[in-house]
Amino acid sequence: MTALNNLNQLLSRVKNIFSRKASPATDTTPNAEPPTDLSVVSDPRLKAALADIEKYLRDNFGTPTAKLRYKDYANGTSLTSEDATFAVSLVILTTTGGAAHLPDNVLLLGGVTSTNDVKWLAAEMRKFTNVLMQLCPKHRIQHLAFAFDKSESNDPHIVKEADVTCLRLY
């Protein structure tokens with residue numbers, strides 16, 4: 001549960017980069033368990049992209065659907081995995097603007113954690129990044145962005161300041 005809280009904190013801070021308050025597109029009950037399936041995602045294009053990412057996580061790491069959390073926002077959607085082997089936190093933005101001057105159609109990878117060692121994680125991140133680069137054109141997502149922690153914190157789960165690097169894929 002701590003990993004989920006840390007990933008949620010990272011997602012929250014990444015969203016703050018865009019100088020925009022993301023408001024949920026749908027009302028949710030505060031005590032209700034977040035959806036664990038793609039039904040919460042309203043945009044069919046984003047739903048297809050997230051389905052491909054979900055399939056990659058399941059096929060390569062055995063991540064069950066129950067370990068995935070989706071949120072739909074007025075300006076995009078997010079996916080957070082709480083799988084210990086390979087947990088990801090990403091956002092797909094569908095509108096322009098923000099502090100980092102990101103355009104629309106951006107897939108932002110905001111966090112990856114694992115209980116495995118750093119060497120294994122680096123190799124898997126390389127593979128995952130390549131998969132994302134292939135999926136973006138397929139689902140008409142023009143940019144792939146990465147958030148880098150610039151803070152001096154001793155705790156790698158706490159992001160105080162982030163840089164964003166954005167690649168145009170087509």
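The exercises below go from the overall fold to one strand, then to charged side chains, and they all use a predicted model.

**Exercise 1. Work out how many helices and strands the chain has, and in what order they run.**

Solution. 
- Step 1: Walk along from the N terminus. The order reads α-α-β-β-β-β-α-β-β.
- Step 2: Of the 170 residues, 41% count as buried. Among contacts with a separation of 6 or more, 59% link residues 24 or more positions apart.
- Step 3: Get the surface. The accessible area of the chain is about 9,100 Å², and carbon and sulfur atoms hold 52% of that.

**Exercise 2. Find out how strand E3 is paired, and decide whether its faces are covered or open.**

Solution. 
- Step 1: For a landmark, pick Leu79, whose bridge partner in E3 is Leu90.
- Step 2: Now go to strand E4 (residues 106-113). E4 also pairs with E3 in the antiparallel sense, over 7 bridges. Here Ala87 has Thr113 as its bridge partner.
- Step 3: Check the faces. One side carries Ala87, Ser89, Val91 and Leu93, the other Val88, Leu90 and Ile92, and all of these are buried.
- Step 4: Conclude. Since 7 of the 7 residues of E3 (residues 87-93) are buried, the strand is largely enclosed by the rest of the structure.

**Exercise 3. The chain has 5 salt bridges. Take the pairs Glu54 with Arg58, Lys55 with Asp59 and Arg69 with Glu82, and describe where each one sits.**

Solution. 
- Step 1: Recall the idea. Side chains of opposite charge can pair when their charged atoms come close.
- Step 2: Glu54 and Arg58 meet at 3.8 Å, N to O. They are 4 residues apart in helix H2, so about one helical turn separates them. Glu54 is buried at 11% relative accessible area, while Arg58 is partly exposed at 39%.
- Step 3: Lys55 and Asp59 meet at 2.5 Å, N to O. This pair also lies in H2, 4 residues and about one turn apart. Lys55 is partly exposed at 42%, and so is Asp59 at 48%.
- Step 4: Arg69 and Glu82 meet at 3.9 Å, N to O. Arg69 is in strand E1 (residues 68-73) and Glu82 in the loop between E2 and E3, so this bridge ties together parts 13 residues apart in sequence. Arg69 is buried, with 11% relative accessibility.

**Exercise 4. Arg45 is buried. Which side chain of opposite charge is nearest to Arg45, and what does the Arg45 side chain reach?**

Solution. 
- Step 1: Arg45 belongs to helix H2 (residues 44-61).
- Step 2: Look for a partner. The nearest side chain of opposite charge is Asp43, 4.3 Å away. The salt-bridge cut-off is within 4 Å, and Arg45 has no salt bridge.
- Step 3: The Arg45 side chain reaches the backbone oxygen of Arg140 at 3.1 Å.
- Step 4: List the neighbours. Leaving out residues up to four places away in sequence, Arg45 touches Thr94, Asn105, His139, Arg140 and Ile141.

Methods
Residues are numbered from 1 along each chain as its sequence is written. This is a predicted model: local features need pLDDT of at least 70, side-chain atom pairs count only at pLDDT 80 or more; totals for chains, interfaces and linings use all residues. Side-chain values use heavy atoms; hydrogens and water are left out. Helices (H or I, at least four residues) and strands (E, at least two) are DSSP runs, numbered from the N terminus. Buried means under 20% relative accessible area, exposed over 50%, partly exposed in between (1.4 Å probe, protein chains only). Lys and Arg count as positive and Asp and Glu as negative; His and the chain ends are not counted. A polar contact is a pair of N or O atoms within 3.5 Å; within protein, one must be able to donate a hydrogen and the other to accept it, and residues adjacent in sequence count only if both atoms are side-chain atoms. Contact means heavy atoms within 4.5 Å. Two strands pair if DSSP finds at least two bridges between them. Accessible areas come from the Shrake-Rupley method with a 1.4 Å probe; for residues, only the protein chains shown count as cover.
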